[in-house]
Amino acid sequence: MIATASKADLLDLLPEELAGFLRRLDQPAYRARQLFSWLHRGASFEDMTDLPKSLRVRLAELAQPGTLEPRLQETAPDGATRFVLRAPDGELIESVLILHARRTTVCVSSQIGCAFRCRFCATGQQGLVRDLTAGEIVEQVVRLQQAAHPTRVTNIVFMGMGEPLANYDAVLKAVRLLNHPDGINIGARHIAISTCGLPKGIRRLAAEGLQVALAISLHAATDDVRDQLVPVNRKHPLSEVIAAAGVYAQRTGRKVSFQYVVLPGLNDTPEQARRLVTLTRGLPCMVNVIPQNMLDGVTPTDDRAARNFAGILRARGLPVAVRRSRGAEVLGACGQLRADASRRTGPPGHDKAGRADARPAKAR
Ligand code: SAH
């Protein structure tokens with residue numbers, strides 16, 4: 001498919017917008033539903049055999065059924081597959097498909113790069129390049145669902161590149177598109193939005209009347225430690241983040257989950273554990289304690305530190321799980337996604353070709 005900027009990306013359109021588009025082509029209303037369903041199955045216009053040929057030709061002149069081109073696909077021994085998709089402007093988008101025993105999760109990116117510069121996260125080191133459109137977010141799921149076939153994608157997590165609440169409108173539109181019964185049809189309860197802790201965005205999301213799961217990347221229980229790890233904490237301290245989380249839990253009736261990447265000696269002291277218990281008192285929540293994944297020059301932490309820290313929390317009555325994120329061997333685990341220049345200069349590899357080119361040079 002040749003991506004042309006002037007052609008509308010139909011994956012970016014809600015059903016009513018698609019209906020408007022087709023109305024202008026003098027098409028009956030029921031065509032919108034057919035087209036929406038085809039698009040979200042990843043079909044090309046030629047595939048849409050129950051649409052008149054003349055309409056398919058017209059659509060191809062005016063629009064595109066998605067704009068992303070698959071560049072790389074690499075599977076880790078743990079079964080997580082990292083995908084790199086290329087946008088028409090040359091930017092690379094990373095997504096991860098994770099097969100579990102009873103669920104299949106797609107981890108999507110919401111931005112190219114990220115503005116928040118959390119100390120241990122590769123995406124943050126890249127800085128923000130641009131927001132993704134709703135269509136680009138949806139297309140990640142469409143393409144990974146095609147790759148997973150016949151397995152059905154059951155869960156979506158906004159835990160790839162970027163800060164979803166900093167690209168709020170596109171993320172919310174993508175949620176509504178992915179949620180739609182005529183499309184991918186994933187229930188809001190099976191969609192999780194993860195944030196570095198933007199109180200305004202959390203409160204706005206709480207008011208949407210959606211059952212989306214909220215995850216907050218906490219990583220510390222006191223402002224002095226969190227200021228160092230998650231710089232946005234200097235603007236929005238823990239008290240604001242926790243207050244917003246409380247509103248979210250109250251409005252949606254859902255538990256909030258907290259991610260806590262263990263950085264030994266820094267945020268896993270008994271004092272941090274004690275403060276975390278106090279901080280979350282009365283809040284319906286759980287804590288996912290995560291060993292740190294490898295970054296350039298940083299060795300991954302072993303699971304022991306994470307298990308120890310989780311043990312202290314558990315003993316104090318906090319619901320807690322230790323989670324090792326998958327896909328580390330292909331740099332597809334939490335905090336490792338980064339579409340940097342070293343990847344971009346690689347040959348135009350197709351699926352499974354040019355594996356090494358998928359990795360930042362320093363990590364090879
Ligand atoms: N910006 C959002 C979405 C990204 S989610 C957020 O911050 O929540 C990616 C998750 O991976 C975040 O919880 C992030 O803090 C975590 N992470 C970043 N670097 C990591 C690393 N080196 N090891 C383990 N997890 C990491």
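Visitor: How many helices and strands are in the protein chain?
Guide: The protein chain has twelve helices and 14 strands, taken as DSSP runs (helices H or I, at least four residues; strands E, at least two) numbered from the N terminus. This is a predicted model, where local features need pLDDT of at least 70, side-chain atom pairs count only at pLDDT 80 or more, and totals for chains, interfaces and linings use all residues. Residues are numbered from 1 along each chain as its sequence is written, and side-chain values use heavy atoms, leaving out hydrogens and water.

Visitor: What percentage of the residues is buried?
Guide: Of the 364 residues in the protein chain, 56% are buried, meaning under 20% relative accessible area with a 1.4 Å probe, protein chains only.

Visitor: At what angle do α1 and α2 pack?
Guide: Helix α1 (residues 15–23) and helix α2 (residues 30–39) pack at about 120°, with axes 9 Å apart. Axes are lines fitted to C-alpha atoms over the stretch in contact, and angles run from 0 to 180 degrees between N-to-C directions.

Visitor: Which residues meet there?
Guide: From α1, P15, L18, A19 and L22 meet R31, A32, L35, F36 and L39 of α2, with contact meaning heavy atoms within 4.5 Å.

Visitor: Switching to α6. Which of its residues are buried?
Guide: Y168, A170, V171, L172, K173, A174, V175, L177 and L178 are the buried residues of α6. That is nine of twelve, so α6 is largely enclosed by the rest of the structure.

Visitor: What covers them?
Guide: The cover of the buried α6 residues includes α1, α2, α5 (134–148), β9 (155–158), β10 (191–195) and α7 (199–206).

Definitions and conventions: Buried < 20%, exposed > 50% of the residue type's maximum accessible area, 1.4 Å probe, protein only.
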